[in-house]
Structures are given as C-alpha cells and as structure tokens.
Amino acid sequence: MNTRTLVAVPALFLAGALALTGCSAYDSLVHKQATSTFEDADAFSNDADVDAEWVPADATDITVRTSTVEDAADAVILLTSDAALAEECAEVERYSAPSWVLDDAPDPYKAKTVFACGDWSVMDTGSGWYGWTPNSEEERDAAAAG
C-alpha cells in the first residue's frame with residue numbers, strides 16, 4: 001500500500017461517515033458542539049444534558065447547544081415562553097455573552113441588562129428567553145448583592 005492510499009482511505013471513510021450521520025456529527029467533530037431540541041419543559045428536564053433551573057414550566061420549542069469537549073460548561077438555550085423568570089433571577093448589567101449563536105436568537109451584545117440566574121445569563125426575546133452559561137463573575141456578584 002502506498003502513502004496516497006494510506007491517506008485517502010481514512011479521509012474517504014470520514015467523508016462517508018459524515019454524509020451518513022449529517023450535520024450533527026460534523027458540528028460535533030469540527031465545531032465541538034451539539035444541538036438538541038425539546039418539545040417542552042418536561043422533555044427538557046428529562047432528557048437534556050444541562051441543568052437550567054430557570055427554564056419556565058410552560059417552555060416550548062426549546063433549542064439547546066452544548067459543548068462536546070469533556071467537562072466544558074458552555075451552553076446556550078433558546079425557548080418560547082409566556083412566563084416570567086423565577087424571582088431568584090435578578091436583573092443586572094450585562095458583562096458576558098454566549099459561546100455560540102442560535103438561529104432566531106437576539107443579539108446579546110445589544111442587551112444592556114440580563115437576568116442572572118445562578119451561572120446563567122438570560123435575556124428576553126419577546127416571545128421567550130435566551131440564556132447562556134457560564135456568565136460572568138460580575139453578573140453573579142451583582143445578583144447576589146441584589
């Protein structure tokens with residue numbers, strides 16, 4: 001077997017595997033992220049790989065993007081909801097921004113304030129909420145000082 005064959009076979013195998021598994025495998029391998037969707041808050045609480053206690057009970061159309069890097073805490077959540085956030089979430093000046101962008105999510109850099117909900121920063125989308133973790137120490141400290 002020559003060198004070209006040794007290089008071409010794994011490349012062809014990888015290309016074929018990506019074609020069979022679709023974009024999620026590509027995102028996982030190349031962008032180090034995974035995206036999941038959940039119909040409602042119950043499905044999210046039962047099956048999501050992230051803990052976000054701020055997600056309202058009436059939440060629907062939930063999209064979650066997480067890191068595929070082991071022990072990485074980065075995540076974003078976009079959801080539809082008519083409910084207010086829990087009173088534990090305090091409105092504070094925004095210092096952080098999400099690691100990733102989700103389609104239809106608002107621009108976090110335009111927000112002057114966010115709600116600090118523990119390690120999550122959450123902003124109003126007009127039809128629900130957009131949250132990311134980790135947030136900044138300044139946001140957590142401001143929320144604690146309340």
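Rings of Phe, Tyr and Trp (its six-membered ring) are taken to pair if their centres lie within 6.5 Å; planes under 30 degrees apart count as stacked, over 60 as edge-to-face and the rest as tilted. By this criterion the structure holds four aromatic pairs. In one of them, the ring centres of Phe-38 and Phe-44 are 5.7 Å apart and the planes stand at 85 degrees, so the pair is edge-to-face. Phe-38 and Phe-44 are both buried, where buried means under 20% relative accessible area, exposed over 50%, and partly exposed in between (1.4 Å probe, protein chains only).

The model is predicted: local features need pLDDT of at least 70, side-chain atom pairs count only at pLDDT 80 or more, and totals for chains, interfaces and linings use all residues. Residues are numbered from 1 along each chain as its sequence is written, and side-chain values use heavy atoms, with hydrogens and water left out.

A search of the whole structure finds one salt bridge, that is, a side-chain nitrogen of Lys or Arg within 4 Å of a carboxyl oxygen of Asp or Glu. Arg-140 and Asp-119 form this contact through their side chains (3.9 Å, N to O). Arg-140 belongs to helix H4 (residues 137-145) and Asp-119 to the loop between strand S5 (113-117) and strand S6 (120-124), so the pair ties together parts that are 21 residues apart in sequence. Helices (H or I, at least four residues) and strands (E, at least two) are DSSP runs, numbered from the N terminus.

Relative accessible areas of selected residues follow.

| Residue | Relative accessible area | Class |
|---|---|---|
| Arg-140 | 31% | partly exposed |
| Asp-119 | 46% | partly exposed |
| Ala-72 | 32% | partly exposed |
| Glu-88 | 63% | exposed |

Glu-88 is located in the loop between strand S3 (75-80) and strand S4 (90-93).
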